[in-house]
Amino acid sequence: MKALVTGITGQDGSYLAEFLLKKGYEVFGLIRRSSSFNTYRIDHLYKDPHERPKLKLIYADLTDGSNLHSVLNEINPDEVYNLGAQSHVRVSFDQPIYTANVDALGTLRVLEAIRSMKKSAKFYQASSSEMYGKVVETPQTEKTPFYPRSPYGCAKVYSFWQTVNYRQAYNLFACNGILFNHESPRRGETFVTRKITRAATRIKLGLQNKLYLGNLDAKRDWGFAGDYVEAMWLMMQQEKADDFVIATGQTYSVREFLDEVFGHLNLDWGKYVEIDPKYYRPTEVDLLLGDASKAKKILGWQPKIGFKELAKMMTDSDMKIAENERILKDHIK
Ligand code: NAP
Ligand code: G4F
């Protein structure tokens, strides 16, 4: 089986690549040209003599339709996982048009490329709980109407419906995973969980004094990325394409995440955290809480790692990074 993954250098792309390689897939990852290294999350796979022959990296970009067209037609994958995106909600307010180009039109470009293939590929779209935005009901299910609150959320709603429409209009196997927030030690460092675990561990070792954050009252349904990529694959193994909410069914505030992380390090976050209004969003998503009953029933999927374990896993991992930073700093002195 051949799988093509857009966004392979991202958090989810790296876990999904590991997962698919373990299942024996040949994995084709689309990467962007960058002036600095952007493959650090998958370097361990590339260096592994068992995995390397099955992992192929190809330059492509979701803003370049002709490039996607030729890559997909050349590879002829069985499954396409569209994980590539400008995925930062706050940044989408600064770059709304770029975000729409990548996160909305980018999806359409991939769908069009699939439609041009002789043998059609199955398609997975990385849809998001951000589509629920100013939630109209709690918990959120596959039937909850969308009310996006950011350019990112709007772009994801567009992609959601294009995916549904290509399924209905062209009979493509095209499914949406509506994933609630999921984190890991590989989470980008500007998302709130990782920003907190990086700062707390650096504060513990005297490498940093303050942590500047925005809205501490926002609540999220936080799961572990490693659990969530399995759900993506399960959706693609069904007889019929469908859309699924993937979530833990528990919600916690940013404040509670701070309690957990700083508590684990025996620190009082009140002494270190300051509010910087620049991290507030023009429109906020106050509360997300998913109901993944459909995924449990049809896919047999449920999360393995809960909130406390996730916070501890990320803190312990970042402590190792901070320790290395300290050694380096002491060495330079
Ligand atoms: P991430 O770590 O930010 O990774 C995003 C990936 O997209 C990176 O590989 C990035 O490449 C790539 N990318 C960005 N712009 C691109 C472009 N123009 N063309 C091609 N690739 C591009 O995101 P993630 O957390 O793994 O999330 C994966 C997907 O799930 C995203 O679509 C995100 O919107 C969606 N999602 C995430 C969550 C979550 O909580 N993590 C929840 C719901 C949905 P570089 O490495 O070169 O930047
Ligand atoms: O970690 P965040 O930036 O994640 P957000 O906005 O929920 O988006 C993530 O999850 C979505 C799924 O619902 C994905 F689709 C999306 O791609 C991304 O992965 O912010 C979480 C909350 C927000 O309410 C934000 O206002 O934390 C609050 N927050 C408070 N201080 C902060 C900060 N967020 C960030 N990034 N940085 C802060 O300093």
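1. Let's start at ligand 1, where one of its nitrogen atoms has a polar side-chain atom of Asp61 at 2.9 Å. That is a polar contact, meaning a pair of N or O atoms within 3.5 Å; within protein, one atom must be able to donate a hydrogen and the other to accept it, and residues adjacent in sequence count only if both atoms are side-chain atoms. Tyr98 also places a polar side-chain atom 3.4 Å from a nitrogen atom of ligand 1. Gly10 uses its backbone instead: a polar backbone atom there is 3.0 Å from an oxygen atom of ligand 1. On its own, ligand 1 has 910 Å² of accessible area, and the protein covers 89% of it. Such areas come from the Shrake-Rupley method with a 1.4 Å probe, and for residues only the protein chains shown count as cover.

2. Before going on, please keep in mind that this is a predicted model: local features need pLDDT of at least 70, side-chain atom pairs count only at pLDDT 80 or more, and totals for chains, interfaces and linings use all residues. Residues are numbered from 1 along each chain as its sequence is written, chains are lettered from A and ligands numbered from 1 in the order in which they are written, and side-chain values use heavy atoms, with hydrogens and water left out.

3. Which residues are the closest to ligand 1? They are Thr9, Asp12, Arg32, Ser87 and Tyr152, out of 25 residues that surround the ligand. A residue counts here if one of its heavy atoms lies within 4 Å. By class, this shell holds 9 nonpolar, 11 polar and 5 charged residues. Ala, Val, Leu, Ile, Met, Phe, Trp, Tyr, Cys and Pro count as nonpolar, Asp, Glu, Lys and Arg as charged, and the others, Gly among them, as polar. The largest share of the shell, 3 residues, comes from strand β5. Helices (H or I, at least four residues) and strands (E, at least two) are DSSP runs, numbered from the N terminus.

4. Asn38 is worth a look too, in the loop between β2 (26-31) and α2 (43-47). The side chain of Asn38 comes within 3.1 Å of the backbone oxygen of Arg32. Setting aside neighbours within four places in sequence, Asn38 is in contact (heavy atoms within 4.5 Å) with Thr9 and Arg32, and both of those are among the residues closest to ligand 1.

5. Now to ligand 2. It has 24 residues around it, and the closest are Ser128, Ser129, Tyr152, Arg281 and Glu284. Taken alone, ligand 2 exposes 710 Å², and the protein buries 96% of that. The shell divides into 10 nonpolar, 8 polar and 6 charged residues.

6. How does the chain divide into domains? The assignment gives domain 1 (2-183 + 222-246) and domain 2 (192-219 + 251-287 + 306-332), with bounds taken from an automatic or database domain assignment. Their centres, taken over C-alpha atoms, are separated by 28 Å. The contact between them takes 14 residues from domain 1 and 19 residues from domain 2. Each domain gives at least three residues to the shell around ligand 2.

7. Is Glu284 buried or exposed? Glu284 is buried because its relative accessibility is 15%; the cut-offs are under 20% for buried, over 50% for exposed and partly exposed in between (1.4 Å probe, protein chains only). Glu284 sits in the loop between β13 (273-275) and α10 (293-299). Its side chain makes a polar contact of 3.1 Å with the side chain of Asn215. Beyond four places in sequence, Glu284 is in contact with Arg149, Asn215, Ala218 and Arg220.

8. Ser150, in the loop between β5 and α6, counts as buried because its relative accessibility is 3%. A polar side-chain atom of Ser150 lies 2.9 Å from the backbone nitrogen of Gly153. Arg255, in helix α9 (residues 254-264), is partly exposed because its value is 34%. Leaving out residues up to four places away in sequence, Arg255 touches Leu216, Asp217 and Trp269.
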